[in-house]
Amino acid sequence: GVALICSEGGSALSDLTQQIVLGYRRVNGHLVAQNLAFHTADKEFIKYEQWRIVRIAVSQNSRRKNIASTLLQFIESSAVGHDIAFITSSFGATTKLLKFWGHNDYVPLKLGFKRDASSDEVSLIVGKSLNLTNSALLNTLSLQFSEELIYHASRYHKSMDTSLLANLLTYCQPEEICTRTRYRVEQFIASNSPYMPFSQLLAKYVLNKLTKVNSANTVSKEAEILVAALIQFKSTQDLVTEFKLSGKKELNTHIRNAIDSI
């Protein structure tokens, strides 16, 4: 296995902090530090020295042997010895890559809007704090990520792979639902009503369920159809095609069954 690491932030950017936060300057080689500082308007992301894992790879005949995760642990131990605040990485987001980083306790911090020209995937920044002092900093950014993902899900991320979005939503902050909402969800399950009149409260119910899923686990197919219908607001025709259904009636049945089972 091999990893390519780039050192970012710290004293190298100290004289340009305000210009970077306001978007007037960019320094080559500090991709994530500058991106997060500008995105949050917080100079703390420039202040601390950090490592960005540019690439990590394992030879094909040695994969699925926990080598990449072991390599990450070695990198983290080395970083602590060098007083590095946190480790980040930026890559074209896929469900498989998200699972790998999530398994190693890295959390999503920022999701791009445009697809990368080479990978045809949206970029995702993940990170992990190496000390308690900076945990709060990443927790604040994690909350911002949660709010933005939910807001943009039916806008910029409407065409995103449903499995990827469903798994990203497991990292969002839970929003508790009241007794009346639970009662109306039960009403929908027991009724013969189409899902659209209930869609707002069903979406809240699904988000609540997803935030309680362990991010290292795979989101069920039942949850995916709910994300596609209630969070991404995909059209009936797109839903029928994507989930190989016969039509609107079967779609409504699938949604009712999925709500009852998640």
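Start at the largest pocket, which holds about 1000 Å³ of space. The model is predicted: local features need pLDDT of at least 70, side-chain atom pairs count only at pLDDT 80 or more, and totals for chains, interfaces and linings use all residues. Residues are numbered from 1 along each chain as its sequence is written, and side-chain values use heavy atoms, without hydrogens and water.

A pocket here is an open set of points on a 1 Å grid over the protein atoms alone, where a 1.4 Å probe fits, with protein on both sides within 12 Å along at least five of seven lines. Lining residues have an atom within 4 Å of a point. A volume is the space filled by probe spheres set on the points, which are joined across faces, edges and corners.

**Stop one**

Select I56, A68, K96, L97 and F100. Of the 29 lining residues, these lie nearest the centre of the largest pocket. Now colour β2 (50-57), α4 (67-81), β3 (86-92) and α5 (95-103), the elements that give two or more residues to this lining. Helices (H or I, at least four residues) and strands (E, at least two) are DSSP runs, numbered from the N terminus. Keep α5 in view: its 6 residues are the most from any element. By class, the lining has 12 nonpolar, 10 polar and 7 charged residues. Nonpolar covers Ala, Val, Leu, Ile, Met, Phe, Trp, Tyr, Cys and Pro; charged covers Asp, Glu, Lys and Arg; the others, Gly among them, are polar.

**Stop two**

Move to the second largest pocket, about 310 Å³ in volume. Select I150, A203, K204, L207 and I231, the closest to its centre among 17 lining residues. Then show α6 (132-152), α9 (199-210) and α10 (221-231), each supplying at least two lining residues. The largest share, 6 residues, comes from α9. This lining has 8 nonpolar, 6 polar and 3 charged residues.
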